[in-house]
Amino acid sequence: MLESAAPSPGFATRCTRVLLSPWSRLGLLATLLASAGATVLVCRPERLLADGWPPQLSGGAAVVLFAVAYGLCTAAFVPRPILNLAAGALFGAPFGTAAALAGTVLGSGIAFGLGRLLGQDALRPLLRGRWLRAADRQLSRHGFRSMLAIRLFPGVPFAAANYCAAVSRMGWLPFLLATGLGSVPNTAAYVIAGSHASAPTSPAFIAAMAFIALTGLAAVVVAWRKRGRMRESGEHAPS
């Protein structure tokens, strides 16, 4: 007897496949990021520098709430220097640094998770350029030290680094550890500057700004050297 043909998938099954396809998930990621960016424009978190923290929120709860808000804002592309300065102005150097670092790791984890879940499958096949392949190999094979260098010498935009790492094959633990450790110096410098913003001639403020300037210069030097190495790696990579 002839075997009966396998039944074609139903409408619900086909819709589910389309909705879970890599490009549909990438579209969802783009929509989420656009919505988050629009929300940031409306809420204007930079007003914390001028208006301060709501007076009804204080103590440890305020620090925790700020850290959560910080993480959500960084995942939505809010520049971290603004948030770091606000952390110092609102909570002082010790608590402000703790809140900013906690928010940094939280925001990085959110961005990494969204990029890994919604964007990796669609974007990895597009890594065809020589430099893109070299950067992907560097992040995938040497994730911890590569991300640590990116965080210590901030030349790549923070949110962009999060989503680029998500597209690579870097693991969660190296990413989060490198982010937490590598973000300490620069974050602390901005927080200290924010906590002494009312006294711009104070030694602490001047030292913090000098450190920020030096790390920025170092980032340019490191990026230039890394550019040459990536070029060589791309030239010698198999096609």
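How do α7 and α9 lie relative to each other: roughly parallel or roughly perpendicular? Keep in mind that this is a predicted model. The axes of the two helices cross at roughly 30 degrees, and angles under 35 degrees count as roughly parallel, so α7 and α9 are roughly parallel to each other.

**The α7/α9 pair**
- Helix α7 covers residues 143–152 and helix α9 covers residues 172–182, and their axes come within 8 Å.
- The crossing of α7 past α9 is right-handed.
- From α7, the residues that meet α9 are Phe144, Met147, Leu148, Arg151 and Leu152.
- On the α9 side, you'll find Pro174, Phe175, Leu177, Ala178, Thr179, Leu181 and Gly182.
- Sorted by class, this contact is made of nine nonpolar, two polar and one charged residues.

**Helix α8**
- Helix α8 takes in residues 158–167 and is mostly covered, with eight of its ten residues buried.

**Asn186**
- Asn186 sits in helix α10, which spans residues 184–195.
- Its relative accessible area is 9%, so Asn186 counts as buried.
- The Asn186 side chain makes a polar contact with the side chain of Thr215, at 3.2 Å.
- Setting aside neighbours within four places in sequence, Asn186 is in contact with Pro154, Phe211 and Thr215.

Methods:
Residues are numbered from 1 along each chain as its sequence is written. This is a predicted model: local features need pLDDT of at least 70, side-chain atom pairs count only at pLDDT 80 or more; totals for chains, interfaces and linings use all residues. Side-chain values use heavy atoms; hydrogens and water are left out. Helices (H or I, at least four residues) and strands (E, at least two) are DSSP runs, numbered from the N terminus. Buried means under 20% relative accessible area, exposed over 50%, partly exposed in between (1.4 Å probe, protein chains only). A polar contact is a pair of N or O atoms within 3.5 Å; within protein, one must be able to donate a hydrogen and the other to accept it, and residues adjacent in sequence count only if both atoms are side-chain atoms. Contact means heavy atoms within 4.5 Å. Axes are lines fitted to C-alpha atoms, for helices over the stretch in contact, and angles run from 0 to 180 degrees between N-to-C directions. Angles under 35 degrees count as roughly parallel, over 145 as roughly antiparallel, 65 to 115 as roughly perpendicular and the rest as oblique. A crossing is left-handed if the near helix is turned anticlockwise from the far one by less than a right angle, and right-handed if clockwise. Ala, Val, Leu, Ile, Met, Phe, Trp, Tyr, Cys and Pro count as nonpolar, Asp, Glu, Lys and Arg as charged, and the others, Gly among them, as polar.
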